[in-house]
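The sequence and structure are shown below.

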Amino acid sequence: MSGHAARTATADVVCLGESMVTFLPSQPGRLADVPSFGRGIGGAESNVACALAAAGHRAKWVGRVGADGFGDHLVDTIAAYGVDTSAVRRDPRRPTGIYFRTATDRATDTHEVAYYRAGSAASAMSPRNVPYEDLLATRVLHLSGITAALSADCLALLHDLTAPREGRPLVSFDVNHRPGLWRDGGTGPEVLLALARRCDLVFVGDDEAEEAWGVHGAEAIRAALPEPDVLVVKRGADGVTVFSRTGDGTAGDTVTTVPSLHVDVVAAVGAGDAFAAGFLSATLRDLPVRDRARHGHLMAAAVLTVPGDLTGPPSRTHADRLAALDDDAWGTLRLGPGWTAADGANEEVRVT
């Protein structure tokens, strides 16, 4: 991470974006048929901040919520994870965003999400009203493509934050292509590609790259995104491929492929945000690229083995021990519910 964050960093990672109150179904089925919902929180960037704080890092979330009870709930819940919420702004004229979702995997055709975020407090974020002193006084600034889709002002903010500037922290960007958020149709992919090319560390799924840009395969995605120093291509069950540039970049990329873990999945939500948090945590610790990807997989496995989007990560000692396994042991590791509390002897952490 040398060469970044010349200013004094008051946080390890600052995450900027919209967090919303999530209503989770009490049972499977169509939204029209679910009789009741439980309340949670959701937001890609605040999820990353919560996971990093729970892992022992100084994490700050910068966002904008309404001056309402839902805003109170978001700020209190995120702060309870140890996240610094002092830079969150309250908007007296706009509401906090909310959404409802079904219990099914979002990748399936039966998954439904009903967003009530148009005109939300977060959609009013702009270069004129966010605290730049908080956004830039960090080792890493984490952004996502979701914010760019919220409004023209939000897009202007991301353009400004990804622009070259003296003392800019390492800028991390999760593409997070959500076609349903781009109301003007075809501009979303072009906007996301332009933003990603201005960042230092980029996370993108091979499926979303194909959907957004029509490119398939890790090498083709790297060709479309040559600028970032580190490009993480997530390939689902096939693992991740990381392209990392060393030195001045003249020697080209080091390509590291790390297989996914075998996980007894409880709910397939929140894994992408957790992976980003694990990778960033290991990046902050200057671990080797292979171990950064493995920590991403482990953090994702923690979320995949619980019902919600957030959970406590494994202890650092436990995660480091698993990340250090040889390739054969890593390939046969299987994680199930309760594994994060294991000390290595728990039956839910198995080498088979």
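## A buried phenylalanine pair

In this predicted model, phenylalanine 203 and phenylalanine 279 are both buried. A search of the whole structure finds 8 aromatic pairs. One of them joins phenylalanine 203 to phenylalanine 279 in an edge-to-face arrangement, with 5.6 Å from centre to centre and 90° between the planes. This pair connects distant parts of the chain, since phenylalanine 203 belongs to strand S11 (residues 201–205) and phenylalanine 279 to helix H9, 76 residues apart.

## Helix H9

Of the 14 residues of H9, 12 are buried, so the helix is largely enclosed by the rest of the structure. Phe279 is one of these buried residues, and the others are Asp273, Ala274, Phe275, Ala276, Ala277, Gly278, Leu280, Ser281, Ala282, Thr283 and Leu284. After H9 comes aspartate 286, which has a positive phi, near 60°.

## Other ring contacts

A cluster linked by ring pairs contains Phe23, Phe37, Phe70, Phe100 and Tyr116.

A contact between a charge and a ring is also found: the charged end of arginine 117 sits over the ring of tyrosine 115, at 4.9 Å from the ring centre.

Technical notes. Residues numbered from 1 in each chain as written. Predicted model: local features only at pLDDT ≥ 70, side-chain atom pairs only at ≥ 80, totals over all residues. Heavy atoms only, no water. Buried < 20%, exposed > 50% of the residue type's maximum accessible area, 1.4 Å probe, protein only. Helix = DSSP H or I, 4+ residues; strand = E, 2+ residues; numbered from the N terminus. Phe/Tyr/Trp six-rings, centres within 6.5 Å; stacked < 30°, edge-to-face > 60°. Lys NZ or Arg CZ within 6 Å of the ring centre and 35° of its normal.
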